[in-house]
Amino acid sequence: MPSVVPLLGTAVFAQGTSEFMVAGLVPDIASELSVSIPAAGLLTSAFAVGMAVGAPVMALLALRWPRRLALVAFLAAFVLAHVVAAVTGSFEVLVATRVIGALANAGFLAVGLATVTSIVAPDAKGRALAVLLAGTTIACVAGVPGGALLGSLWGWRSAFWAVALLCVPALVAVLTSVPGDRSGAAPPSALGELRVLRRPRLLVVLLLGALVNGATFCSFTFLAPVLTDVSRIGAEWVPAMLALFGGGSFLGVRLAARWSDTRPGPVLVGGGAVLAVGWAAFALTTTAVAAIVLVPLLGTLAFAVGSTLIARVLYAASDAPNLAGSYATASLNIGAAVGPWIGGLTIGAGLGPGSPLWVSAALVAVALTIAALASVARAAVGRATSPTSCP
């Protein structure tokens, strides 16, 4: 594996930490900036929406840039957004920095995915992707408890300063390790790479990614009240449980690295089925012991299936090497924005703090149904077009 891949993973870790850490800072931000808790919670939604919109837009913007220039520009903008966030006294400005930071993160991740998949063997995209996304899963382990710890010790602004500082070594690594040009390659065609979105198979995989990630973040967003109000786990143990989920997600990405290139079917079908059952089982259980077992298991399954779907996007759009990563990023973040929104609606409707778990189970079940229908449709088309099927 080229050394630049884990270096890019370091930057992804810093950016992922920013996305996750706000969950542990919402009460302090709301108190200091004199806004409600629900309003402060919009900081998470703003980031997810910025990622979903920014992935294809930023990738198109940087399509003809040298990849090193694009990565440096996006990472520098991300750092600047966090410096402004750390010093502002305006909630509106803070929201704007979250959107700008998300746009920069989306651009960096899209170009980063294009970079790593272009420098590894054609059949190693899943393994390279796992190394890159390991930064996100480690951020899931460390981001929420780490941000909460910094916030409790030195205030919520210190967490934003910490993310900005984390990006500095990654910025140096990009400057020194990523090639500065496209090595004589012909300029990419935006129209040609956009045309791949007309492929039904790619669209199905993107939809599956949005559904599975929507399920994951629907329950992850409301995991704290599920643990305290349903499983009766003390609030002081919530950061540890979040870390357990993050540890499971790291394991899931590592498992996907082994099988997503060569045996994606068992991961998607078998893992998806167990995942749907697991979310439903979590909704039906009320004991702390069950939660301790299910939280890391569900983190493992969710990220194993999700990472494999990302790899499938990259393979399905292999002739759109500069934009394929942005398609996957947009799909996942649409899920990350819509899933928690639906979960919040169920709680607001009085269905209880455990209702997002049922939403997660339903979303994965819908994904499995769509995958099965798509498989049947492809088989039918194959039989219809087969020479042996002609009279």
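Biologist: What does Ser219 touch, not counting residues up to four places away in sequence?
Modeller: Ser219 touches Trp279, Pro356, Leu357 and Ser360. Contact means heavy atoms within 4.5 Å. This is a predicted model: local features need pLDDT of at least 70, side-chain atom pairs count only at pLDDT 80 or more, and totals for chains, interfaces and linings use all residues. Residues are numbered from 1 along each chain as its sequence is written, and side-chain values use heavy atoms, with hydrogens and water left out.

Biologist: Is Ser219 buried or exposed?
Modeller: Ser219 counts as buried, because its relative accessibility is 2%. Buried means under 20% relative accessible area, exposed over 50%, partly exposed in between (1.4 Å probe, protein chains only).

Biologist: Which helix is Ser219 in?
Modeller: Helix 9, residues 200–221. Helices (H or I, at least four residues) and strands (E, at least two) are DSSP runs, numbered from the N terminus.

Biologist: And how many helices and strands does the chain have?
Modeller: 15 helices and zero strands. Of its 391 residues, 51% count as buried.

Biologist: Switching to helix 4. How far apart are its end C-alpha atoms?
Modeller: They are 31 Å apart. That agrees with the 30 Å that its 21 residues, 67–87, should span at 1.5 Å a residue. The expected span is 1.5 Å times one less than the number of residues.

Biologist: Which residues of helix 4 are buried?
Modeller: Among them are Leu71, Phe74, Leu75 and Phe78. Arg67 and His82 are buried too.
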